[in-house]
Structure formats: structure tokens, C-alpha cells
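Good morning, colleagues, and thank you for making time for this presentation.

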Amino acid sequence: MNISFDLDSTLITGGNEFETESRSLIAKLFGIEKLRKGTPILISELQKNGHTVNIYTTSFRKKSQVRFTLRYYGIKVEQIINQVENQKTLSKLNIYSSKYPTAFGFDIHIDDLRGVGMESEKYNFDAIIIEPSDKNWSAKIKNEIDKRTTIKA
């Protein structure tokens, strides 16, 4: 499966929504953002199981900045779609949604926003919505992806 993850409040915290991976003082000085605890393990497991992992965010972060942060934590992703690319692509398709993973070839999108869940129903794309406070978020994602993989097989 080709999986995309949101960043803000899903994998990266702007505050104290969830526990984060440790980072060095130097990483902080270089602008490495705080990553949700367990993210490197989850993404590694998904990739070992043959899934492709991508980032799909409506933030205006530069792709290089996102890639730099993820690399610090040992994560390599296939694609990074930011808001600049998202707006350009969705406008060409006349899609009036904050996100439309299908436009980028993503089979499933993981996000924290219920609104994205509502858009997934309206625009017929697959999404897993996780709460920032969910301590079992990683297991939920793995279980949901396993279910969908079994159904498609």
C-alpha cells in the first residue's frame, strides 16, 4: 500500500499533545522538530511489510526541511507533498477539499483531523483518523492497515 501521513498533530507536535522522541541540543538548534514517540519504529515496520510511506501535509514547510527532520530520526519517505504542491494539483482537478490523497497516488492517508475524515467520505478516499492523545495510535494504524491489506488481497 502507498500510505501518506499528515505532519501537524499527527507526527509532529507544536506543543505537548503527545510524547516525543528525544533530540539533541544541536538538533534543536538546527530546527529539527519534535516527532511523535514511536514514529520511527512504526514507519520502519510499515516499510518492512512492503508499504511505501509518504508525507502529505497542508503546511508550507519546505520539502527539504521535512526530509531533514525525518532523516534525523532515521526515517526515509518516498514523497513529500506540501501545501504549495497540494493547492496547485487540487486546483487543476477542481477538487475543493483540504486534502485528496488519490491525486498523488496514495491508497490511504493518516491524519488527526476529523474534517479530513469527512472529506474522505465525500471524495471517496481512504483515511485513518487518529487522536493526538491516543496512546495506542501506532497499534491502531497497524491494525487498520492490516485490515485493509487483507480486504484487498
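Predicted model: local features only at pLDDT ≥ 70, side-chain atom pairs only at ≥ 80, totals over all residues.

Residues are numbered from 1 along each chain as its sequence is written, and side-chain values use heavy atoms, with hydrogens and water left out.

Let me start with the helices. Helices (H or I, at least four residues) and strands (E, at least two) are DSSP runs, numbered from the N terminus. I call a residue buried under 20% relative accessible area, exposed over 50% and partly exposed in between, using a 1.4 Å probe and protein chains only.

In helix α2, which covers residues 39-48, the buried residues are Thr39, Pro40, Leu42, Ile43 and Leu46. Viewed down the axis of α2, these buried residues fall within an arc of 165°, so they line one face of the helix. The arc is that of the directions from the helix axis to the C-beta atoms. Ile41 and Lys48 are exposed, on the face of α2 turned away from its buried side. Just after α2 comes glycine 50, with a positive phi of about 90°.

Which residues are buried in helix α3, residues 63-72? They are Val66, Thr69 and Leu70. Down the axis of α3 they fall within an arc of 95°, so here too the buried residues line one face of the helix. They pack against β2 (52-56) and β3 (80-81), where contact means heavy atoms within 4.5 Å.

I turn now to the aromatic rings. How many aromatic pairs does a search of the whole structure find? The search finds six. Rings of Phe, Tyr and Trp (its six-membered ring) pair if their centres lie within 6.5 Å; planes under 30 degrees apart count as stacked, over 60 as edge-to-face and the rest as tilted.

One of the pairs joins tyrosine 56 and phenylalanine 104, edge-to-face, at 5.2 Å centre to centre and with 65° between the planes. This pair links distant parts of the chain, 48 residues apart: tyrosine 56 lies in strand β2, and phenylalanine 104 in the loop between α4 (83-93) and β4 (108-111). Tyrosine 56 is buried, at a relative accessible area of 0%, and phenylalanine 104 is also buried, at 11%. Together with Phe106, Tyr56 and Phe104 form one aromatic cluster.

Tyrosine 100 and tyrosine 123 have ring centres 6.2 Å apart and planes at 70°, so this pair is edge-to-face. Tyrosine 100 is in the loop between α4 and β4, and tyrosine 123 is in helix α5 (residues 114-123), 23 residues apart. Tyrosine 100 is buried at 16% relative accessibility, and tyrosine 123 is buried at 18%.

Next, some individual residues. Isoleucine 108 sits in strand β4 and is buried, at 0% relative accessibility. Leaving aside neighbours within four places in sequence, isoleucine 108 is in contact with Met1, Asn2, Ile3, Ser4, Asp126, Ala127, Ile128 and Arg148.

Threonine 10, in the loop between β1 (2-5) and α1 (25-29), is likewise buried at 0%. Beyond its neighbours within four places in sequence, threonine 10 contacts Phe18, Arg36, Ile110, Asp111, Asp112 and Ile130.

Asparagine 94 is not a glycine, yet has a positive phi of about 55°. It is in the loop between α4 and β4 and is exposed, at 53%. Asparagine 124, also not a glycine, has a positive phi of about 60°. That residue lies in the loop between α5 and β5 (126-129), where it is exposed at 67%.

Finally, the largest pocket. On a 1 Å grid over the protein atoms alone, where a 1.4 Å probe fits, a pocket is an open set of points with protein on both sides within 12 Å along at least five of seven lines, and lining residues have an atom within 4 Å of a point. The largest pocket holds about 160 Å³ of space, a volume being the space filled by probe spheres set on the points. Its lining consists of Glu17, Phe18, Glu19, Arg36, Lys37, Pro132, Ser133, Asp134, Lys135 and Trp137.
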